[in-house]
Amino acid sequence: MNKTQQYYNMFMSNTRWNNRAESHRAFEKMTIHASDLETALQKARETNDKLNKLLGMYKNQLENIVN
């Protein structure tokens with residue numbers, strides 16, 4: 001179970017027991033963590049695109065040398 005799921009479970013549990021303060025705190029943590037994951041995923045995609053472009057350039061150079 002990842003952190004987002006743990007915070008969601010805390011949120012639901014606290015909501016069922018009408019513990020508004022803890023429920024709100026768990027919801028904030030859950031949304032912040034999910035946002036951080038989304039940002040990290042976006043950065044990983046950008047890095048992957050840059051690496052693919054760089055590897056494509058090296059592949060072209062190598063093919064030019066071989067041919």
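1. Accessible areas come from the Shrake-Rupley method with a 1.4 Å probe, and for residues only the protein chains shown count as cover. The accessible surface of this chain comes to about 6,000 Å², and carbon and sulfur atoms hold 56% of that surface.

2. The model is predicted: local features need pLDDT of at least 70, side-chain atom pairs count only at pLDDT 80 or more, and totals for chains, interfaces and linings use all residues. Residues are numbered from 1 along each chain as its sequence is written, and side-chain values use heavy atoms, with hydrogens and water left out.

3. The chain has two helices and zero strands (DSSP runs numbered from the N terminus: helices are H or I, at least four residues, and strands are E, at least two). Its radius of gyration is 22 Å, well over the 11 Å of the globule rule for 67 residues, so the chain is more spread out than a compact globule. That radius is taken over C-alpha atoms, and the rule is 2.2 Å times the number of residues to the power 0.38. Along the principal axes, the C-alpha trace spans about 70 × 15 × 10 Å.

4. Of the 67 residues, 9% count as buried (under 20% relative accessible area; exposed is over 50%, partly exposed in between, with a 1.4 Å probe and protein chains only). Phe27 counts as partly exposed, at 38% relative accessibility.

5. The count comes to one aromatic pair (rings of Phe, Tyr and Trp, the last by its six-membered ring, with centres within 6.5 Å; planes under 30 degrees apart are stacked, over 60 edge-to-face, the rest tilted). Phe11 and Phe27 form this tilted pair, 5.3 Å centre to centre with 50° between the planes. Phe11 lies in helix H1 (residues 3-16) and Phe27 in helix H2 (residues 20-66), so the pair links distant parts of the chain, 16 residues apart.
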